[in-house]
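Hello,

Here is the structure for you to look through, with the sequence beside it.

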Amino acid sequence: WERFTEDMTLRNFAPKTRVAYMSRAKRFAEYYGRSPREMGEAEVRAYLLHLIDCKLSASTLSVGLGALRFLYAVTLGRPGEIAKIPVPKRPRLLPEILSLDEAALILSRVRSVKHRATLMLAYGAGLRISEIRHLKIADIDSKRMLIAVRGGKGYKDRLVMLSPRLLEVLRAYYKFARPKGPYLFPGRDGERPLSSNAIRSALAQVLTECGLKKHLTPHSLRHGFATHLLEAGNDIRVIQRLLGHASIQSTAHYARVTPMYVATIESPLELVEKRGAQTSK
């Protein structure tokens with residue numbers, strides 16, 4: 001297991017990925033009560049079928065297979081053991097769509113100065129929750145009206161816009177909290193960043209107070225950022241850069257779920273009706 005950990009570290013996997021892969025690989029070994037070195041394709045295939053029988057989600061299956069692929073292909077040097085095992089198909093479910101009115105209501109009801117700033121960063125700059133947590137004071141460039149997002153998903157840096165309203169909220173928070181240390185949103189000990197659960201809990205509380213029944217998370221605010229930019233007519237490739245997506249296909253997913261975009265498309269039934277009206281004249 002030490003070699004497995006070292007290999008994941010050398011591949012520069014994110015900490016959460018390393019933890020998830022280690023957990024899934026150990027469960028595989030515990031299921032059979034044997035070392036992975038003593039097993040191969042037959043055991044991996046049977047184990048994945050067992051997970052499917054347990055009604056686990058497609059994402060959980062994907063993580064499990066990813067862990068075993070890395071274990072056998074890299075750490076054990078036996079890629080042939082998993083080469084013929086198909087990758088589980090993950091359903092592309094439509095996310096909950098946040099309207100402009102709902103976004104305005106949510107952000108206006110956040111009582112905590114700190115959490116108002118964090119949730120506004122998710123919606124106003126399209127930041128992931130991990131990116132918000134790890135923002136540093138030096139990343140806010142008020143002169144150029146930019147936010148530097150460092151070490152985002154895939155360890156990629158990018159720049160996003162800093163709106164005047166967001167800058168106003170961040171300044172109010174900074175004046176109130178006077179955070180010490182490098183992080184803009186430090187946790188209770190002041191040394192580590194604010195926890196993800198603290199941000200999620202703040203949003204959940206606001207949703208309860210507002211009476212909104214939609215299943216929304218901080219990531220839903222990031223979805224709203226992209227959706228509303230698309231609805232405003234902004235170029236999808238610009239939005240791709242702002243979101244930090246490696247592929248335009250990831251960004252294009254937002255175009256398929258934008259209600260206003262879908263509502264503007266004319267049904268062929270209308271074309272048929274128009275053609276029929278012209279023919280009857």
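Helices H1 and H2 make a right-handed crossing; a crossing is right-handed if the near helix is turned clockwise from the far one by less than a right angle, and left-handed if anticlockwise. Helices (H or I, at least four residues) and strands (E, at least two) are DSSP runs, numbered from the N terminus.

Before going on, note that this is a predicted model, in which local features need pLDDT of at least 70, side-chain atom pairs count only at pLDDT 80 or more, and totals for chains, interfaces and linings use all residues. Residues are numbered from 1 along each chain as its sequence is written, and side-chain values use heavy atoms, with hydrogens and water left out.

H1 covers residues 2-10 and H2 covers residues 15-32; their axes come within 11 Å and cross at roughly 150°. H1 is therefore roughly antiparallel to H2. Axes here are lines fitted to C-alpha atoms, for helices over the stretch in contact, with angles from 0 to 180 degrees between N-to-C directions. Angles under 35 degrees count as roughly parallel, over 145 as roughly antiparallel, 65 to 115 as roughly perpendicular and the rest as oblique. On the H1 side Phe4, Thr5, Met8 and Thr9 take part, and they meet Arg18, Tyr21, Met22 and Ala25 of H2. Contact means heavy atoms within 4.5 Å.

Asn12 sits in the loop between H1 and H2. Its phi is positive, about 65°, although Asn12 is not a glycine. Most residues other than glycine have a negative phi. Asn12 is partly exposed, at 43% relative accessibility (buried means under 20% relative accessible area, exposed over 50%, partly exposed in between, with a 1.4 Å probe and protein chains only).

The sheet

The chain has 14 helices and three strands. The strands form an open antiparallel sheet in the order E1-E2-E3. Its edge strands, pairing on one side only, are E1 (140-141) and E3 (158-161). Two strands pair if DSSP finds at least two bridges between them. E1 and E2 (residues 146-149) are joined by two bridges, and E2 and E3 by four. Leu146 of E2 is the bridge partner of Asp141, and Leu146 also stands opposite Met161 in E3. In a regular strand the side chains alternate between the two faces of the sheet. In E3, Arg158 and Val160 are on the covered face, while Leu159 and Met161 are on the uncovered one.

The loop between E1 and E2 holds Met145. Met145 has a positive phi near 55° and is partly exposed, with a relative accessible area of 26%.

The cores

Which residues touch the most other members of the largest nonpolar core? They are Ile106, Leu121, Leu127, Ile147, Leu166, Leu170 and Phe185, in a core of 44 residues. The elements giving two or more residues to this core include H5 (100-109), E2 and H8 (164-177). H6 gives the largest share, six residues. A second, separate core has 22 residues, among them Met22, Ala25, Ile82 and Ile85. A nonpolar core is a set of buried Ala, Val, Leu, Ile, Met, Phe, Trp, Tyr and Cys residues joined through side-chain atoms within 4.5 Å.

Thr118 is found in H6. Thr118 is buried, with a relative accessible area of 1%. Apart from neighbours within four places in sequence, Thr118 contacts Ile132, Phe185, Leu194 and Ile199.

Over the chain, 39% of the 281 residues are buried.

Regards
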